[in-house]
Amino acid sequence: MKLWVLRHGEAEPRANTDAERRLTAHGREQVMRSAARLLGQPLDAIIASPYVRAQQTAALVYEALGFAGPVRTVPWLTPDSDAGEVIGELDKLGLEHVLLVSHQPLVGNLVSMLEHGHGQHPAPMSTASLAELEGDWPLAGVMTLRGLHHAG
């Protein structure tokens, strides 16, 4: 299995709720730089948080890649979601090549959990950072971090 974990691009600092924060122009540029790293990758699914900035990030990647299927929106990819629950949901999907679009602290904890089996040292995921993991199964401690790219 190949898993890419993408943190949303830079978002405006305030909105009525955290879930409503939108990408800035700089955030959209960051996402496009990260999306370029995914060109030519065989994605089976793009799965995103329901928060506006993650939805906008997923839509930009979708367009940049010319992805064929729909972006899947799931409630288990919000900032405070549990990394263990996300791993369980990934396992249920049974897909080989997946892009997750989400938020800190979840993305850092998830990458650490998949690579090390715990979240004691979360991966440093700045806005639009893209982690690439590979392994036989999406299980804690059994995936290898192949790359961590920061969009700047």
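Helix 1 (residues 25-36) and helix 2 (residues 52-65) pack with their axes 9 Å apart and at an angle of about 45 degrees, where axes are lines fitted to C-alpha atoms, for helices over the stretch in contact, and angles run from 0 to 180 degrees between N-to-C directions. Helices (H or I, at least four residues) and strands (E, at least two) are DSSP runs, numbered from the N terminus. The model is predicted, so local features need pLDDT of at least 70 and side-chain atom pairs count only at pLDDT 80 or more, while totals for chains, interfaces and linings use all residues. Residues are numbered from 1 along each chain as its sequence is written, and side-chain values use heavy atoms, with hydrogens and water left out.

**Helix 1 and helix 2**

- Helix 1 and helix 2 are therefore oblique to each other, given that angles under 35 degrees count as roughly parallel, over 145 as roughly antiparallel, 65 to 115 as roughly perpendicular and the rest as oblique.
- Helix 1 passes helix 2 in a right-handed crossing; a crossing is right-handed if the near helix is turned clockwise from the far one by less than a right angle, and left-handed if anticlockwise.
- Arg28, Val31, Met32 and Ala35 of helix 1 meet Thr57, Leu60, Val61, Ala64 and Leu65 of helix 2, contact meaning heavy atoms within 4.5 Å.

**Helix 3 and helix 4**

- The axes of helix 3 (residues 83-93) and helix 4 (residues 106-116) come within 9 Å and cross at roughly 65 degrees, which makes helix 3 roughly perpendicular to helix 4.
- This crossing of helix 3 and helix 4 is right-handed, and the contact is made by Ala83, Val86 and Ile87 of helix 3 with Leu106, Asn109, Leu110, Met113 and Leu114 of helix 4.

**Nonpolar cores**

- A nonpolar core is a set of buried Ala, Val, Leu, Ile, Met, Phe, Trp, Tyr and Cys residues joined through side-chain atoms within 4.5 Å, and buried means under 20% relative accessible area, exposed over 50% and partly exposed in between (1.4 Å probe, protein chains only).
- Within the largest nonpolar core, which has 24 residues, Leu3, Val5, Ile47, Leu77, Val86, Leu100 and Leu110 touch the most other members.
- At least two residues of this core are supplied by each of strand 1 (2-7), strand 2 (45-48), helix 3, strand 4 (97-102), helix 4 and strand 5 (130-134), and the largest share, 5 residues, comes from helix 4.
- Not counting residues up to four places away in sequence, Val86 touches Trp76, Leu77, Leu100, Leu106 and Leu110.
- A second, separate core of 17 residues includes Leu23, Val31, Phe67 and Val101.

**Helix 4 and its surroundings**

- Leu106, Val107, Gly108, Leu110, Val111, Ser112 and Leu114 are buried in helix 4, and the buried residues of this helix pack against strand 1, helix 3, strand 4, strand 5 and strand 6 (144-149).
- Thr144 lies in strand 6 and counts as partly exposed at 35% relative accessibility, and its C-alpha atom is separated by 7.8 Å from that of Leu114, 30 residues apart along the chain.

**Backbone features**

- Most residues other than glycine have a negative phi, and most peptide bonds are trans.
- The peptide bond from Gln104 to Pro105 is cis, with omega near 5 degrees, and Pro105 has its place in the loop between strand 4 and helix 4.
- Ala128, in the loop between helix 4 and strand 5, has a positive phi of about 65 degrees although it is not a glycine, and Ala128 is buried, with a relative accessible area of 0%.
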